[in-house]
Amino acid sequence: MSAVVATSEEDPALAVIRFTAELSWADAGPEVAETQVSELCMEAEEFMFRSRWLDLVSLILTSADLITSRVSEKDLECIFTVTCNLVTRVNTPDEALEMAKLISSKVVQQPTDRPALRLKILFNLYNLLENPYSRFFVYKKALDLAAGGKVAESIIPSFKNIDSFLQEWNIGKIDQRELFRSISNILKDNKSMAKDSFAFLTRYLATFSGAGEDAYTMNEAKEEAVQAIIEFVKSPDIFQCDLFDMPAVAQLEKDGKYALVYQLLKIFVTQRLDAYFDFHAANSTLLKSYGLVHEDCITKMRLMSLLDLSSHESGEIPYSLIRDTLRITDDEVEYWVVKAITSKQLDCKMDQLNQVVIVSRHTERVFGLSQWENLRLKLGAWRRNIANGISTIQANKISEGLQGMQGLAIR
């Protein structure tokens, strides 16, 4: 098989044009092929002479598109490496963006054909670009390719850097919204990353402020808001959320289709087991339609109810109150307390003699604006106490120093 080879005097882009043209016209016979190849090379040279890099990229991609299925991975990578490098020759960010759009759109057209290689090409293009928005555009295309080509494992490691990427890209709310939703959907297919998927879904919903957004825009978030609620209820290890503060979720409260789903969220983050049993009695079919298992919901609601007791009983919870609230036997009380401890929702001690649980720390079921305000007040008090402590220590040291000096003077 032929390969892309540039002579010492031939520009790599021209070598790629010659290679793709010769291969695509090979079946037409030598006379036809030679004419067509010559014309394409002349056109490419004209574009290069006039610095019409976008037109040159388009020409290369059109030729390459005809032979993609017939070349080796090495040659395909070479073709796109040369093509991607053309973005470094442009004079304006806008032209680089248009070239990036053209290249990345072509790369993702067949996501299941050598997807790992295509993703590698996009990463290479990303690194060659200087304009932040161009980089964001290519990254978003890489997400689409990773999802469509089933190569998510190659892009998931980059998610830990999303916050630094966002600072670099400086993208608007709508772009952030699409980014968070794409990442959440990719992670959703990986069961071990359910918490991360939920976190990005929550960040997606947080982009809907409500103020200044029309009903149509807010309506776009309803399905994801329902999904977030169901994922929260289903998850055996997520006990805290701030969905209540989000307009995208709050709109469900009066929605004819989803009001009951909102009510379910309210039960799980603000009420106790009795409320869940009442809801289940009236809406068992609804719960099943969302894939919720009654026994799993009971387990989670028992832990959520225990957290609620921890926040309302001044640090000490009688065994009897736990028994009655969780609808369990006396012998099961300590089992559920230990379960809450091992799930890292409580730090506590069990006083078996006095039959009370002494709580030193508990997870807040809802962490919204009021919780942030309480945390701010606690931090302020802590800083004042530290400052007062330091002042006292300094005063004592000064006093001791003065006493020492007086002793020396007397002697």
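Trainee: Is Cys 241 buried or exposed?
Mentor: This is a predicted model. Cys 241 has a relative accessibility of 6%. Buried means under 20%, so Cys 241 counts as buried.

Trainee: And Cys 348, buried or exposed?
Mentor: The relative accessible area of Cys 348 is 17%. That falls under the 20% cut-off, so Cys 348 is buried.

Trainee: How many disulfides are there?
Mentor: A pair counts if its cysteine sulfur atoms lie within 2.5 Å. By this rule, the number of disulfides is zero.

Trainee: How do helix α1 and helix α4 pack, parallel, perpendicular or oblique?
Mentor: Helix α1 covers residues 12-24 and helix α4 covers residues 73-85. Their axes are 9 Å apart, at an angle of about 135°. Roughly perpendicular ends at 115 degrees and roughly antiparallel needs over 145, so α1 is oblique to α4.

Trainee: Is Arg 114 buried or exposed?
Mentor: Arg 114 sits in the loop between α5 and α6. Its phi is positive, about 50°, although it is not a glycine. Its relative accessibility is 18%, so Arg 114 counts as buried.

Trainee: What about Arg 327, buried, partly exposed or exposed?
Mentor: Arg 327 lies in the loop between α17 and α18. Arg 327 also has a positive phi, about 55°, without being a glycine. Its relative accessible area is 45%, so Arg 327 is partly exposed.

Note on methods:
Residues are numbered from 1 along each chain as its sequence is written. This is a predicted model: local features need pLDDT of at least 70, side-chain atom pairs count only at pLDDT 80 or more; totals for chains, interfaces and linings use all residues. Side-chain values use heavy atoms; hydrogens and water are left out. Axes are lines fitted to C-alpha atoms, for helices over the stretch in contact, and angles run from 0 to 180 degrees between N-to-C directions. Helices (H or I, at least four residues) and strands (E, at least two) are DSSP runs, numbered from the N terminus. Angles under 35 degrees count as roughly parallel, over 145 as roughly antiparallel, 65 to 115 as roughly perpendicular and the rest as oblique. Buried means under 20% relative accessible area, exposed over 50%, partly exposed in between (1.4 Å probe, protein chains only).
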